[in-house]
Amino acid sequence: MLLNEAQTRFELINPALSERGWSTRHIKVEETVGGIDIMDDGKARRRNKGRVDYLLRLEVTRDTQPVAVALIEAKSEDKSPGFGLEQGKRYGDCDRLNVKFIFSTNGHQFVEFDKFTGLTSRPKPMSEFPTPDELRRRYENGMGFLLESEAARPLLVRYTGGEAQRRYYQDAAIRAVFERVAQGENRALLSLATGAGKTFIAVNMLKRIADAGQLKKALFICDRDELRTQALSAFQNLFGTNADEVKGKNPQKNARVIIATYQSLGISEEGDDAGFLIENYPENYFSHVVIDECHRSAWGKWSQVLTRNDKAIQVGLTATPRSLIIKENTAEAKADEKITADNLKYFGEPVYEYGMLQAVEDGYLAACEIQLGSVNLDDTGIPLEEVLRHNPRNAITGEPISEEKVKELYEKTDYESRILLPDRVSAMCADLFRHLIEAGTPEQKTIIFCVRDIHAELVANEMNNLYAAWCLTTGHRKADNYAFKCTAESNGSKNISDMKGSNADYFVASTVDLLSTGVDIPAVRNIVFFRYMKSPISFHQMVGRGARLADNKLMFTIYDYTNATRLFGEDFASKPRLERPPSKGEPSDPPIIVKADGFEAEITNEGRYVVTEVDGQIRRVTVEEYKAGIAKQLVRSVASLDEFRAVWVDPTARRGLLSELVRNGFSPELIRQVENMSEFDMYDVLVDIAYGASPIKRQERAYSFTYKQRTWLTALPDETKAVILAIAGQFAHEGTEALENSQIFSVQSVREAGGIAALKRGGDAAELMRQIKERMFAA
């Protein structure tokens with residue numbers, strides 16, 4: 001009998017690797033926590049299993065940090081030796097894991113892909129598998145440095161406290177920087193999704209450099225006080241008092257790691273004299289400089305820090321995708337384009353990238369769904385004559401505004417920026433509040449992005465009124481602080497800690513830009529766009545406020561009333577309905593704002609969307625588009641229902657098929673829940689989408705198994721029949737996974753039916769389990 005994948009690894013691959021000098025110290029199992037999928041009831045669940053990668057690592061000495069250089073794909077012995085290779089190459093595993101070699105093996109032979117040369121080998125016997133010394137020589141030759149060289153020393157320094165806390169992509173990113181530096185370069189750019197732990201990377205990277213004896217003074221620079229405070233805590237966890245923040249006029253020159261903002265260094269605006277920087281830190285004072293969130297500012301801000309420390313190792317951290325392509329001709333879009341160009345021109349292409357969809361698939365960021373709505377006034381626009389008929393007045397003073405002044409302002413109109421429509425605000429808030437109630441409770445941590453301070457004030461007041469009325473109607477105990485304005489003008493940053501720390505109040509923050517970046521409030525479940533967005537960078541940052549995981553939070557929702565989510569990807573699902581000049585955020589000299597009442601505002605539900613990857617771009621797509629994409633991908637891989645059934649009962653082939661769907665941006669579990677098919681096995685979900693077969697619920701399929709397979713069951717011993725029926729009962733609860741769960745014979749009902757011993761009385765247990773699966777899905 002041929003060995004399955006697990007048996008092949010244990011009985012064939014591991015002994016063969018051991019013969020070639022690869023011990024357990026050289027093999028690192030990287031397992032993700034399991035991806036997150038959205039359910040139809042608005043909840044989310046984490047998959048039972050994450051992805052498992054087996055990395056081969058080089059160990060220079062017993063005391064040094066092993067360096068990952070290769071991925072090994074183990075397949076069952078009935079597969080070709082190169083079966084897993086194309087999968088690994090197609091999914092970009094070399095880049096995702098930052099390794100230079102991929103090996104695929106069936107235990108007898110192996111095939112290798114060499115990223116340095118781009119060549120794929122012919123099948124070779126396992127007796128010729130490269131030894132650690134051989135692979136080390138090839139790695140060093142390809143990289144252009146020796147692992148024992150001074151330049152590569154940080155690669156060999158172990159993580160403080162061990163590797164338990166780091167994630168695979170964080171290790172890959174740190175190694176990518178160390179490799180770049182060991183090659184003689186002093187600049188590196190890392191691109192990671194917001195919420196993926198860039199600060200963790202910076203702290204551990206600098207600590208390993210320090211432990212290697214190569215760090216003299218380091219500067220970590222960010223653009224907000226909240227980011228500085230968060231970074232200081234993280235750095236002091238590893239550096240203690242050797243890390244400190246620049247605050248006031250104290251340059252903290254006694255600290256080894258200095259955390260500063262642009263403002264504290266006197267370089268917050270282009271044209272600043274950088275007096276504090278120049279006065280306190282001579283040229284090349286820092287051996288290492290890390291620019292956090294460098295997508296937030298262009299060359300004019302951070303140039304002086306880098307040019308004055310041109311001999312330093314310089315690392316930029318960004319959340320902006322390298323492939324960001326600007327298609328809208330607005331001031332914000334042009335600014336984004338300049339920032340992205342500045343990053344790439346100075347640092348070069350990112351040495352490592354880890355995107356939002358990959359982070360969600362790995363289970364490290366919350367899944368995202370979109371509730372799209374449109375406002376009738378935005379669809380049609382408001383003629384100037386209509387504004388004049390509705391008593392236009394100054395929104396601040398209440399004084400009437402002349403027709404001439406209204407005409408002058410209307411030429412530059414942007415709702416809630418120059419023309420304030422209280423009825424539009426009320427309608428949008430009421431619709432949002434209804435959605436929150438339908439999702440379970442209005443007491444959910446929510447950030448609403450508004451146009452300017454007065455707009456945020458109106459939104460906070462409206463949400464508080466809706467909440468008070470709801471509490472009165474339902475008898476719910478009213479929280480002391482429900483909605484609050486959180487803007488720079490209102491000094492709203494004081495309430496950020498309240499929103500972050502309290503579960504009993506401070507639920508809804510209406511803001512402009514204050515909560516758009518860096519501030520870490522994991523409990524935020526909803527991101528709301530009441531403002532029109534033109535900047536893809538700002539949009540991704542705002543969305544990132546909801547992406548972090550928290551207790552009992554695996555997903556977040558974007559409520560989009562202004563078509564902001566069109567900015568997911570370059571190929572917009574639809575264009576903005578109105579061409580408006582960009583909102584200016586919170587200008588220091590606010591213009592006159594016209595307030596006009598009496599407009600009838602209606603919100604239209606435009607449906608639910610999901611976020612996926614299409615042709616390498618993150619996009620929002622309708623559920624129907626998503627299903628069509630799954631069907632197309634499945635039929636391309638498996639042409640017929642019979643072929644699909646054969647693939648499904650083969651664990652290795654099935655995992656490969658599902659992985660291919662995921663890597664192409666499709667989550668089968670998500671569509672099962674969106675289509676309210678949680679009572680169906682994934683087999684039936686997919687055959688319904690791709691092959692037009694009528695889906696059967698798990699309970700019904702398990703029941704039909706008992707009579708459709710009566711002839712086969714009757715021919716078996718009674719005790720074997722009893723345990724098979726108990727196993728079929730487990731399928732009714734857990735589906736295919738139950739039939740492949742190694743612990744199934746420990747389940748009470750199966751154990752009481754006789755367990756593995758009773759099954760063996762009917763023949764080979766593994767063969768019987770295979771037949772159960774085949775017969776469960778038989779036509």
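**Figure 1. Sequence separation of contacts and overall content of the predicted model.** In this predicted model, 73% of the contacts between residues at least 6 apart in sequence join residues at least 24 apart. The secondary structure of the protein amounts to 31 helices and 27 strands. Of its 779 residues, 58% count as buried. The accessible surface comes to about 32,500 Å², and carbon and sulfur atoms account for 47% of that area.

**Figure 2. The open sheet of seven parallel strands.** The strands follow the order β12-β13-β11-β14-β15-β10-β16, with parallel pairing. At the edges stand β12 (243-245) and β16 (352-354), each of which pairs on one side only. Neighbouring strands of this sheet are turned by 15° against each other on average, direction ignored. Within the sheet, β11 (residues 218-222) pairs with β14 (residues 288-291) in the parallel sense over four bridges. I221 has I291 of β14 opposite to it.

**Figure 3. Helices α5 and α7 on the sheet.** Helix α5 (residues 168-182) packs on the sheet, where it touches β10 (187-192), β15 (313-318) and β16. The direction of α5 makes about 160° with that of β16. Helix α7 (residues 225-239) lies across β11, β12 and β13 (257-261). Relative to β13, α7 runs at about 170°.

**Figure 4. The packing of helix α21 against helix α22.** Helix α21 (residues 641-648) and helix α22 (residues 651-663) pack with their axes 6 Å apart, at an angle of about 110°. The two helices are therefore roughly perpendicular. From α21, the residues F644, V647 and W648 make the contact, and from α22 the residues A653, R654, L657 and L658. These contact residues divide into six nonpolar, no polar and one charged.

**Figure 5. Asparagine N98 in a loop, with positive phi.** Most residues other than glycine have a negative phi. N98 is not a glycine, yet its phi is positive, at about 55°. The residue is placed in the loop between α3 (93-97) and β6 (101-105). With a relative accessible area of 7%, N98 is buried.

**Figure 6. Asparagine N563 in a loop, with positive phi.** N563 is likewise not a glycine and has a positive phi, of about 65°. Its loop is the one between β24 (555-560) and β25 (594-595). N563 is buried, because its relative accessible area is 4% and buried means under 20%.

Key:
Residues are numbered from 1 along each chain as its sequence is written. This is a predicted model: local features need pLDDT of at least 70, side-chain atom pairs count only at pLDDT 80 or more; totals for chains, interfaces and linings use all residues. Side-chain values use heavy atoms; hydrogens and water are left out. Two strands pair if DSSP finds at least two bridges between them. Axes are lines fitted to C-alpha atoms, for helices over the stretch in contact, and angles run from 0 to 180 degrees between N-to-C directions. Contact means heavy atoms within 4.5 Å. Buried means under 20% relative accessible area, exposed over 50%, partly exposed in between (1.4 Å probe, protein chains only). Accessible areas come from the Shrake-Rupley method with a 1.4 Å probe; for residues, only the protein chains shown count as cover. Angles under 35 degrees count as roughly parallel, over 145 as roughly antiparallel, 65 to 115 as roughly perpendicular and the rest as oblique. Ala, Val, Leu, Ile, Met, Phe, Trp, Tyr, Cys and Pro count as nonpolar, Asp, Glu, Lys and Arg as charged, and the others, Gly among them, as polar.
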